[in-house]
Amino acid sequence: MPAAGNPAAIAMLRDVFTVTDRAWRGIGVISNSAWRLSDAYREFDAETRFAVGDIHTAESSVCRSGEVLQGLIKPHECAAFGHRCTPRTPLGATMVSAEGACAAYYLCRRLDQPNATAQAGAQPAREVARA
Ligand code: SF4
């Protein structure tokens with residue numbers, strides 16, 4: 001494999017995709033940070049086929065997922081972590097899916113305490129995380 005990569009694969013990517021700006025949850029728009037389907041494949045683009053272009057999502061004003069995603073804070077440093085925001089009541093994208101940083105942090109810290117969820121009056125995850 002040449003250091004410059006696989007020429008056939010690179011040619012295919014350039015044919016199918018075009019670099020574009022993209023708004024990232026919790027971060028905002030980053031220029032040239034994403035790909036979209038190229039004009040040649042525009043008919044397969046969901047943004048073209050369906051009326052999804054005007055859908056805008058807004059995260060909770062207390063959510064700090066952008067800072068979590070950038071490594072500026074750890075999930076438990078968010079005031080909502082483990083209280084207002086849990087995997088059952090997510091306020092931000094990073095708590096929604098199991099592989100999200102906040103959800104993973106929440107679940108792994110909970111698992112550090114084997115009986116934490118089973119005990120009556122178990123500590124909130126935030127307190128467990130600091131233990
Ligand atoms: S704990 Fe919840 S509210 Fe806080 S940053 Fe993570 S997803 Fe957002």
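Accessible areas come from the Shrake-Rupley method with a 1.4 Å probe. In this predicted model, the protein chain exposes about 9,100 Å² in that sense, and carbon and sulfur atoms supply 54% of this area.

**The chain as a whole**

Six helices and two strands are found in the protein chain, and reading along the sequence gives the pattern α-β-β-α-α-α-α-α. Some totals for the protein chain are set out below.

| Property of the protein chain | Value |
|---|---|
| Buried residues, out of 131 residues | 24% |
| Contacts between residues 24 or more positions apart, out of those with a separation of 6 or more | 34% |

**The ligand and its surroundings**

The largest cavity is the space that the ligand takes.

**A residue in a loop**

Ser38 belongs to the loop that runs between β2 (28-37) and α2 (46-49). Is Ser38 buried or exposed? Because its relative accessible area is 7%, and buried means under 20%, Ser38 counts as buried. If the neighbours within four places in sequence are left aside, the residues in contact with Ser38 are Asp15, Val16, Phe17 and Thr18.

Key: Residues are numbered from 1 along each chain as its sequence is written. This is a predicted model: local features need pLDDT of at least 70, side-chain atom pairs count only at pLDDT 80 or more; totals for chains, interfaces and linings use all residues. Side-chain values use heavy atoms; hydrogens and water are left out. Helices (H or I, at least four residues) and strands (E, at least two) are DSSP runs, numbered from the N terminus. Buried means under 20% relative accessible area, exposed over 50%, partly exposed in between (1.4 Å probe, protein chains only). Contact means heavy atoms within 4.5 Å. On a 1 Å grid over the protein atoms alone, a cavity is a set of points where a 1.4 Å probe fits but cannot get out, and a pocket is an open set with protein on both sides within 12 Å along at least five of seven lines; lining residues have an atom within 4 Å of a point. A molecule sits in a cavity or pocket if more than half of its atoms lie within 2 Å of its grid points.
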